[in-house]
Amino acid sequence: MSNNEFPKKYNPIDFEEKLYKHWEETGKFLPTVWKTKKSFYIPMPPPNVTSKLHIGHSAMLTLEDIMTRYHRMIGDTTLLLPGTDHAGISTQVKVEEKLAKEWKNKHNISREEFLEECYAWTKNYGWQIQGQFRKMWTSCDWSKEKFTMDDDMNVAVNKAFVDLYNKWLIYKWEYMVNYDPVLDTVVSDQEVIYKEEKAKLYHITYFVSGSDNEVIVATTRPETLLWDVAVAVHPKDKRYKKLLKAGKKLILPIVNKEIPLIADEMVDMDFGTWAVKITPAHDANDFEVGKRHDLPLNKVVLGKDWNMTEVAWIFAGQNYKTARENIVELLKAKWNLVKIEDHTSKVWYGERSHAKIETIISTQWFVKIEPIVKKVVKWYKAKEFEIIPKRFNKTFEDWIYNLRDWCISRQLIWWHQIPVWYWPDWEMFCAETPELAAETAKWHYWKEIELTRDPDALDTWFSSALWPFSTLWYDIDSNEQNDLVKQFYPAQVLETGHDIIFFWVIRMLLFWYEFTWETPFKTIYLHWLVKDKLGRKMSKSLWNGIDPIDMIEKYWTDALRLTLSIWNTPGNDLKFDEENVENNMVFINKLWNASRFVWTNLEFIEPDIDKLENEIKNNYEKLMFHEKWILSRVKSLSDLVTEAMENYDFSEAGIELQTFTKNEFCDYYIEEFKITKDSSIYGKKVITYVINKLLKLWHPYIPYVTEEIYNKLWFTWDLIVSDWGYVNIDRNLDIERDNKLVLDTIREIRSIRADRNIMPNKFIWLKIYAKNKNSEIIWEVLDLIAGIVKSDNFELVDKRPDNENLAYWVIKAWVEVYVDTSNALDLEKEIDRLKEQITDTKEYIALLDKKLLNEAFVNKAPEKLVRSEMEKKEQARNKLEKLMEKLVKLKQ
């Protein structure tokens with residue numbers, strides 16, 4: 001794979017696809033057993049099979065790949081396991097739209113035919129997402145790719161359901177649920193969104209039976225009062241204490257039947273009249289109140305189609321809006337309507353369908369949470385798994401301590417069908433397969449009978465909750481796959497967004513503590529949400545979405561990876577700015593050019609880095625000052641990056657790598673190498689060693705450019721499986737401390753050159769004043785300093801020059817630099833610079849004069865402040881005088 005040519009310009013388009021293909025075809029992504037004998041497994045959160053990857057997916061893939069490449073290089077057996085989700089609702093909606101064009105629907109074709117249509121749809125579109133995965137660098141094992149509707153995944157889902165059912169942890173019951181009329185299925189609380197809408201608040205009189213008293217009830221839904229079962233007031237409301245104590249009943253308007261008055265803390269004393277009607281079949285809060293007070297479950301007066309049902313008497317069949325108008329008119333006629341006022345109401349809408357959600361009582365399947373959650377809480381407290389960042393422990397606790405039973409049934413087809421069969425309608429047989437269900441029924445009835453399978457499907461999070469284990473469990477009868485589970489389960493890391501702690505993370509913990517009595521993952525790493533540069537969520541309506549493929553084609557894969565990995569901290573949202581990607585592209589080009597410089601200056605590159613390291617260590621005292629310094633700094637960098645990787649602090653590691661590469665390796669060490677390469681005995685060996693370690697430390701972040709540079713230098717595309725960039729040379733803190741003085745000196749001289757607009761090819765006159773230990777340090781590297789800052793007349797002195805026209809800067813106590821730039825100046829630019837400074841100084845003096853001539857300021861401001869302003873003016877005038885003198889001299 002070697003190529004001796006090292007192009008001047010970095011162009012990844014020439015090799016990225018070829019390089020990825022090489023990695024994959026030569027088995028670099030496979031979980032080969034490496035030297036540590038430890039495993040590192042990340043189950044990739046499966047994106048929807050029909051979706052297009054967005055910038056949030058890119059952030060996820062970047063972090064997972066950084067972790068995987070790091071652990072592969074330190075010698076762990078790594079597995080980044082890819083997969084896709086069947087996208088139950090979105091796929092079914094797309095297929096139904098397709099069928100509608102063919103004058104078909106899910107009701108006039110069989111379930112099997114509908115499933116075939118869904119499989120065909122995912123087959124046609126699923127390949128796109130895999131191609132995007134490959135385009136976006138993931139070093140995952142494609143031979144183990146999973147799809148949530150694969151046959152073996154169905155086996156895992158059915159087995160899990162039966163196991164929980166047999167433990168009495170799954171049950172079927174009538175309960176209050178959210179119904180989406182467009183999707184024609186129940187949905188969870190997390191799949192609905194609140195919208196504020198203008199509405200009306202109706203104040204209705206409920207007369208007290210057998211007295212002249214009354215209770216005023218406020219409601220936004222008068223159409224449901226036909227089947228009210230009670231009126232609730234707050235127990236602290238003193239107005240109703242006598243009525244409650246006497247056990248008084250209320251007369252239900254229109255219906256004219258008695259209902260109880262009850263006290264319940266659910267009543268919001270900041271809403272309406274502090275008295276609410278209780279209709280358990282149409283409100284989740286009312287349903288809970290009904291259970292607490294043992295109230296009868298009222299009939300469903302409003303159907304799924306938003307029309308009044310047959311129990312609504314004369315209003316049956318009317319749309320709820322029409323029925324509301326008619327009921328309000330009747331209340332007016334009976335003197336029960338007190339008033340109508342404007343009100344802002346919170347209304348639930350389906351997150352996917354945008355349809356108005358109705359709360360209804362329906363028979364559904366549930367997972368009993370309380371017995372399972374105790375195990376999770378126990379091991380959470382024992383710190384068997386950790387959450388990064390730690391501040392999300394509070395979010396986790398808010399969820400885990402307040403979980404309710406989980407409704408797992410959905411009225412959809414393109415999901416895992418519930419493995420329960422009936423005969424005829426009441427006797428249930430739960431089994432992993434139809435054959436086992438039929439066999440159980442035959443044993444039960446002593447004859448063969450025809451069973452009917454439950455038409456409902458399982459919530460998509462049920463199958464997703466099995467993901468860390470079921471992805472490894474290809475065939476429960478295969479020893480090979482069981483070995484795979486033994487090797488990799490539990491996963492070392494689950495990496496996902498902090499917005500789905502409840503949806504996915506907690507449910508995986510619930511299931512796998514129940515099934516295996518151990519955590520499914522040791523670390524939960526919660527990444528950030530990617531927002532636009534203004535901090536807004538990306539959405540179609542704002543037209544601020546970012547297509548990662550567009551970014552890659554414009555700025556390269558590695559530039560996008562670097563942006564997503566270093567411009568963040570764990571759990572904090574990332575403000576994505578395209579300018580940062582462009583800047584990182586410039587940086588990558590800088591690394592390429594620096595590496596090419598190394599390549600052009602080495603006749604031979606030692607392939608055995610361990611041998612090279614030992615040679616450098618054995619001859620350490622023969623190294624030059626700056627060579628010892630760069631070795632100490634790369635040792636420090638290696639230790640810091642390694643520690644940050646182990647602590648999942650990828651941002652800190654990336655920033656340190658970038659700072660070292662730009663500020664220390666490129667801006668200083670390479671310049672020092674240029675000056676000393678012919679006189680240094682070990683200079684070429686040191687720079688070879690440093691670039692090798694640097695490429696290895698960078699590889700998890702920017703794999704393409706580092707692998708290609710590695711290929712140019714060492715003639716192989718095997719950086720991905722090389723040893724990690726450990727440095728086994730001790731740090732030299734004395735050298736680092738001394739060289740800081742050297743770097744500060746160089747930095748300030750460069751600053752003077754830039755400030756005076758000295759052309760890069762012009763040389764300067766330089767004197768460095770230093771005493772004591774500082775003098776020894778500067779003397780050792782004086783030639784290097786002069787070479788880097790371009791001085792052809794330089795000297796180390798122990799007495800300050802007395803020429804006031806020299807530019808100077810104090811580095812620290814007893815170290816000062818003096819520069820005569822007169823022969824190196826661009827005269828016109830320097831004159832313009834002085835004129836600009838003169839103008840700015842005059843404007844500053846004018847501002848101070850205005851303040852000091854203001855009597856109110858002088859009389860009221862503290863004397864100390866007035867004196868300070870006067871001193872500033874005097875300093876500015878002195879500065880102006882010197883600037884004018886310099887300008888006159890330059891013009892002579």
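How many nonpolar, polar and charged residues are in the lining of the largest cavity? There are three nonpolar, two polar and four charged residues; Figure 3 shows them by name.

The model is predicted, and local features need pLDDT of at least 70, side-chain atom pairs count only at pLDDT 80 or more, and totals for chains, interfaces and linings use all residues. Residues are numbered from 1 along each chain as its sequence is written, and side-chain values use heavy atoms, with hydrogens and water left out.

**Figure 1. Helix 2 against helix 17.** Helices are DSSP runs of H or I with at least four residues, strands are runs of E with at least two, and both are numbered from the N terminus. The axes of helix 2 (residues 55–73) and helix 17 (residues 557–566) come within 9 Å and cross at roughly 85 degrees. Axes are lines fitted to C-alpha atoms, for helices over the stretch in contact, and angles run from 0 to 180 degrees between N-to-C directions. From helix 2, Ile55, Ser58, Ala59, Thr62, Asp65, Ile66 and Arg69 meet Leu560, Arg561, Leu564 and Ser565 of helix 17, where contact means heavy atoms within 4.5 Å. These residues divide into five nonpolar, three polar and three charged. Ala, Val, Leu, Ile, Met, Phe, Trp, Tyr, Cys and Pro count as nonpolar, Asp, Glu, Lys and Arg as charged, and the others, Gly among them, as polar.

**Figure 2. Helix 16 against helix 17.** The axis of helix 16 (residues 548–555) comes within 7 Å of that of helix 17, and the two cross at roughly 120 degrees. That makes helix 16 oblique to helix 17. Pro548, Met551, Ile552 and Tyr555 in helix 16 contact Thr557, Ala559 and Leu560 in helix 17. This contact has six nonpolar, one polar and no charged residues.

Figure 3. A cavity is a set of points on a 1 Å grid over the protein atoms alone where a 1.4 Å probe fits but cannot get out, and lining residues have an atom within 4 Å of a point. Grid points are joined across faces, edges and corners, and a volume is the space filled by probe spheres set on the points. The count comes to one cavity of 30 Å³ or more, and the largest cavity holds about 30 Å³ of space. Its lining consists of Ile89, Asp180, Leu183, Val187, Glu191, Gly350, Glu351, Arg352 and Ser353.

Figure 4. Isoleucine 388 and proline 389 are joined by a cis peptide bond with omega about 0 degrees; proline 389 lies in the loop between strand 15 (386–388) and helix 10 (392–400). Isoleucine 254 has a positive phi of about 70 degrees although it is not a glycine, and this residue sits in the loop between strand 10 (249–251) and strand 11 (258–263). The bond from tyrosine 489 to proline 490 is also cis, with omega near 0 degrees.

Definitions and conventions: Parallel < 35°, antiparallel > 145°, perpendicular 65-115°, else oblique. 1 Å grid on protein atoms, 1.4 Å probe; cavity = no way out; pocket = protein on both sides within 12 Å on 5 of 7 lines; lining within 4 Å.
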